[in-house]
Amino acid sequence: MAYIAQQFLNMLQLGSIYAIIALGYTMVYGVLSLINFAHGDLFMVGAFLCFLASSKLHLPFYIVILAAAAGAAVLGVTVERLAYRPLREAPKVSAIITALGVGVFIENFTLALSPYPRHVPELLHNISYNFNGLTISSIQMIIVALSVLLMAGLDFIVRKTRYGSAMRALSWDMRTLPLMGVPVNAIVALTFAIGAGFGGVAGTMYAMAFPVIDPYMGIMIGWKAFIAAVVGGIGSIRGAMLGGCILGAVETIAAVALPSTYRDFIAFTLLLILLIFRPNGILGVPKTLKV
Amino acid sequence: MPALTIEDLAVSYGNIKAVRGVSLTVRQGQITALIGANGAGKTSLLRAISGMVRYAGQIYYKEMKLNGMAAHKIVALGITHVPEGRGIFGNLTVKENLTLAAWLRKNDAEGVRRNYERVMMLLPRLSERLGQLAGTLSGGEQQMLAIGRAMMSDGDLILLDEPSMGLSPVLADEIYRIIAEINKTGVTILLVEQNAFMALQLAHHGCVMENGVIALEGAAMELLDDPRVRQAYLGV
């Protein structure tokens, strides 16, 4: 019983990290119909900023996480401004190739600065609480709580604020939005800032849970989070949250039930099967023709 | 006094010249109708005014040059464009659509509330559908929403692109009644229409556009009686 509860906790921790990264993919896709393949690398940059802020500058935990979020957000907005905006009217394939290129650039730039894997020091003194054989660490609690908080905050922004209305309107019709007096470029920048900022936070959370980081760590995690976003229904905020949790659950169950090398194989197979039956993802709706 | 002055305007898409040297003035407080067949360049002209396309020539709004200005900044000057096809945001509710149109008036809550009440009064059908997604509205309701949004923007000049398109005669009449109502409050209107008869009956001034140029211009009543207009656009 305690074992199952323990695995459920692991599931939640992993799922929240995937969900937070998946949100970055889904937000950018929602407004620009662009898959930001560099997003996994923004997550990696978040982890390195966390390393820098904690082990070199010895900043307190909450500053570390803010610095990682802000640094990744600035990088995300810069990438949009320099690489994606000039291609906004170009064929989508060009933009996707650019996104892949930006990702490789960020990886190798980081590699040039820091060629070795780094060990992130303990950000918080990790306390383990024991309840009848079930161990909960303070890091697990913080990761899950912070993720829930971020998701609730984002859901509120997108559904209830004027900026959220503008983002949703932008995803429907980018050409009409300026006629409402809304500065489209500012809304796009805001979307990238939030998406990339979430990537930065996820990088920090990941480094807290799995403290060895390297410049290529964003590739696999990024792909997985991307798939989580697609499974949930890309473009849908709640879909990304759901997809992240499902992926976390499937991976944890696969790792428990089968040899650990089967984990990714099982996870991806299940996700691919799911997509056959729900090609738009669980919460996604087919892009309807506008009248 | 002209609200809008257009001088030698040309708009091209690649090799296609949609507007070829149009000069036009829209008088303050009046309804100016721009009529013409499909593909005459009417929509391109409106898009040039609101900064949606690049163009050659000059456009002045109350002596201010609009050339090269971003579309959202032109809205801030008081020009509201109700685009072809209505341009409603189908994934937002009716109320969210209306609120979004008041984007630039965040420091004028009182004025926004007044406009909102006026929209509810003039377009009662919208008030029954406030929480509904705009994409589920009928064509006529979408057109009303588009006009309601223009009222929320509170511009001094409204550019309307075929507000009667796809509507039943009864609905089109209703839309036109609302346009007249808005004009009575001092708002200048540039009305683009294929339905020449309706537009010229409502307007003070009229222009006929053909193949990217203005072919005829005059008082709306005179155009209604002009044999060329009668033959080509009124079918009589």
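**Reading a central strand and its surroundings**

Guide: Let us begin with a strand covered on both faces: in β7(B), B:Leu157, B:Leu159 and B:Asp161 on one side and B:Ile158 and B:Leu160 on the other are all buried. A residue is called buried if 20 or more other C-beta atoms, placed from the backbone, lie within 10 Å of its own, exposed if 12 or fewer do, and partly exposed in between. Strands are DSSP runs of E with at least two residues, and helices are runs of H or I with at least four, both numbered from the N terminus. The model is predicted, with local features needing pLDDT of at least 70 and side-chain atom pairs counting only at pLDDT 80 or more, while totals for chains, interfaces and linings use all residues. Residues are numbered from 1 along each chain as its sequence is written, and chains are lettered from A and ligands numbered from 1 in the order in which they are written.

Visitor: Which strands pair with β7(B), and in which sense, parallel or antiparallel?

Guide: Two strands pair if DSSP finds at least two bridges between them. Strand β6 (residues 79-82) of chain B pairs with β7(B) in the parallel sense over four bridges, and B:His81 has B:Leu159 as its bridge partner.

Visitor: What kind of unit do β7(B), helix α7 and β8(B) make?

Guide: A crossover is right-handed if, with the strands pointing away from the viewer, the path from the first strand over the helix to the second runs clockwise. Together with helix α7 (residues 169-184) of chain B, β7(B) and β8(B) form a right-handed β-α-β unit.

Visitor: In what order do the four strands of the open sheet in chain B stand?

Guide: The order is β2-β1-β4-β5, with antiparallel pairing. Because β2 (16-27) and β5 (64-65) of chain B each have a single partner strand, they stand at the edges, and one side of each lacks a neighbour in the sheet. Strand β1 (residues 2-13) of chain B is joined to β2(B) by nine bridges, with B:Leu4 opposite B:Val26, and to strand β4 (residues 56-61) of chain B by five bridges, with B:Ile6 opposite B:Ile59. β4(B) and β5(B) form a hairpin with two residues between them, and B:Lys62 in the turn has a positive phi of about 50 degrees.

Visitor: Where does the largest nonpolar core have its most connected residues?

Guide: In soluble globular proteins, nonpolar side chains tend to be buried together. A nonpolar core is a set of buried Ala, Val, Leu, Ile, Met, Phe, Trp, Tyr and Cys residues joined through C-beta atoms within 7 Å. The largest one has 168 residues, and those with the most contacts inside it are A:Ala22, A:Ala47, A:Ala68 and B:Leu191. Helix α1 (residues 2-32) of chain A gives the most to this core, with 16 residues.

Visitor: How many residues does each chain give to the contact between them?

Guide: Residues are in contact if their C-beta atoms, placed from the backbone, lie within 7 Å. Chain B contributes 20 residues and chain A contributes 16. On the side of chain B that touches chain A, the largest share, four residues, comes from α2(B).

Terms used: Two residues are in contact if their C-beta atoms, placed from the backbone, lie within 7 Å.
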